[in-house]
Amino acid sequence: RPSRHSHSAAGGGAKRGSDSSAHPGPRCDMAQPLVDAMGPEAVLYLQYAVHAAFVLLVLAASYPLPLSTAVVVAVLALVTQPLQVLVRIHAYDDQDVDVPYEVLTFIKQLLVVGFGALPVLFFRVSDATQHWALGRVAYGALTVNLLWTLVYESQYATFCAYVQPVNVVLACTALAVRFFHAERGGFAPLRKVGGPRGIPIFTATPLSWVVPYTAWSVIFASTYIDGDAISQAFAFWMGMFAQMWLVDRAGARPGALPGLNPGYHWLFPRAVALGAYASTAPLARLTGYLAPRLTCSPAITVAAALTAVLFATDLAIAVYDRVRLPSSRVHELV
């Protein structure tokens with residue numbers, strides 16, 4: 001499989017004001033020493049193992065081991081990025097390490113873990129059944145996580161780069177409508193189903209929002225970061241199903257709660273997935289072998305446009321539907 005350092009995104013569109021049609025990327029193949037030592041297939045399997053560990057972390061957080069997962073993710077966040085830089089400098093003799101860039105990446109990694117994964121993991125194991133402050137932090141972090149992608153989109157003159165920002169604006173607007181309706185109604189959007197040790201839900205993200213968000217996330221990540229970043233979407237959907245299974249196992253069957261939207265289970269596994277991915281991705285990048293990025297092909301263009309339609313539909317639902325407690329029975333469960 002091609003190295004991320006050698007492939008181009010010819011269909012990804014030229015930068016605004018530039019004749020270049022390729023995405024920027026690292027200037028050297030930092031994985032070559034590892035390939036020479038282990039062989040290309042072994043390096044590829046090593047990368048798959050890293051991504052499998054990432055998915056397992058999300059599942060462990062969603063079901064049996066939220067506190068242990070918090071410890072593992074925190075340790076990985078502190079260790080993996082510095083380890084990657086040290087290995088590249090001392091083992092690979094990489095002369096092109098951009099230290100300021102790596103430091104900023106490390107800071108971003110700590111912010112993602114510190115303001116995303118760890119707070120929801122500690123809420124999961126706490127005795128609180130709802131949390132106003134953490135709900136506001138989750139809303140703010142999610143909005144920022146959407147808006148920062150506009151920096152990437154502004155660099156390229158493609159149809160995708162024009163449609164994807166529209167998707168971001170629609171997604172953030174729908175989030176804001178639901179969140180502020182909940183605040184005005186005195187209902188904390190971040191709460192638990194099933195008592196103090198129950199399952200966290202976030203009522204600002206119904207399934208009508210999660211589905212287009214997944215499409216937008218896959219298009220963005222695989223176009224501007226790398227194809228393997230779509231494993232994040234796979235992981236948070238797995239986490240959602242795990243949470244729904246837990247609710248079912250606890251006797252609070254989603255079918256018995258007509259208003260308990262499956263999308264309400266999204267925030268917890270998404271925050272953990274983002275933190276776990278940020279913590280493990282440096283190890284995958286160290287191998288140098290990542291899936292080729294997608295391009296703004298006609299199929300991707302149509303997918304981005306359909307995503308915009310779905311986000312617009314969800315925004316209409318958010319505006320015209322009164323945000324309320326999913327079911328009277330939820331009062332008893334929480």
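A polar atom in the side chain of T205 lies 3.2 Å from the backbone oxygen of G263, and the side chain of T205 also reaches the backbone oxygen of F202, in this case at 3.3 Å. These distances, like every other value in this report, come from a predicted model. T205 is placed in the loop that runs between β2 (199-202) and α8 (207-225). With a relative accessibility of 0%, T205 counts as buried, because the cut-off for that class is under 20%. Once its neighbours within four places in sequence are set aside, T205 is in contact with L142, L175, V210, G263, Y264 and W266. Of these partners, L142 is listed among the α5 residues that meet α7, and L175 among the α7 residues that meet α5.

The pairing of α5 and α7 can be described next. The axes of α5 (residues 132-147) and α7 come within 10 Å and cross at roughly 170 degrees. An angle over 145 degrees counts as roughly antiparallel, and α5 is therefore roughly antiparallel to α7. On the α5 side, the residues that take part are W132, G135, R136, Y139, L142, T143, L146 and L147, and they meet V168, A171, C172, L175, A176, F179, F180, A182 and E183 of α7. Sorted by class, this contact comprises 13 nonpolar, two polar and two charged residues.

| Helix | Residues | Number of residues | Span, first to last C-alpha | Expected span |
|---|---|---|---|---|
| α5 | 132-147 | 16 residues | 23 Å | 22 Å |
| α7 | 159-184 | 26 residues | 38 Å | 38 Å |

For α5, the span is close to the one expected at 1.5 Å a residue, and for α7 the span is likewise close to its expected value. Just after α7, G186 takes a positive phi of about 75 degrees.

Which residues of α5 are buried? They are L134, G135, A138, Y139, L142, T143, N145 and L146. Residues three or four places apart in an α-helix point the same way, because such a helix has 3.6 residues a turn. T143, which is placed in α5, has a relative accessibility of 13% and so counts as buried, the cut-off being under 20%. Apart from neighbours within four places in sequence, T143 is in contact with C172 and L175, and both C172 and L175 belong to α7.

Y213 counts as buried because its relative accessibility is 0%. Not counting residues up to four places away in sequence, Y213 touches N145, L146, F236, W266, R270 and F311. Among these, N145 and L146 are buried residues of α5, while W266 is also listed as a contact of T205. Y213 and N167 are 46 residues apart in sequence, and their C-alpha atoms are 8.5 Å apart in space.

For the protein as a whole, the secondary structure comes to twelve helices and two strands. From the N terminus on, these elements run in the order α-α-α-α-α-α-α-β-β-α-α-α-α-α. Buried residues make up 52% of the 334 residues in the protein. Among contacts with a separation of 6 or more, 83% are accounted for by residues 24 or more positions apart.

Notes:
Residues numbered from 1 in each chain as written. Predicted model: local features only at pLDDT ≥ 70, side-chain atom pairs only at ≥ 80, totals over all residues. Heavy atoms only, no water. Helix = DSSP H or I, 4+ residues; strand = E, 2+ residues; numbered from the N terminus. Expected span 1.5 Å × (residues − 1). Buried < 20%, exposed > 50% of the residue type's maximum accessible area, 1.4 Å probe, protein only. Polar contact = N/O pair within 3.5 Å; in protein donor to acceptor, adjacent residues only side chain to side chain. Contact = heavy atoms within 4.5 Å. Axes fitted to C-alpha atoms, helices over the stretch in contact; angles between N-to-C directions. Parallel < 35°, antiparallel > 145°, perpendicular 65-115°, else oblique. Nonpolar A, V, L, I, M, F, W, Y, C, P; charged D, E, K, R; others polar.
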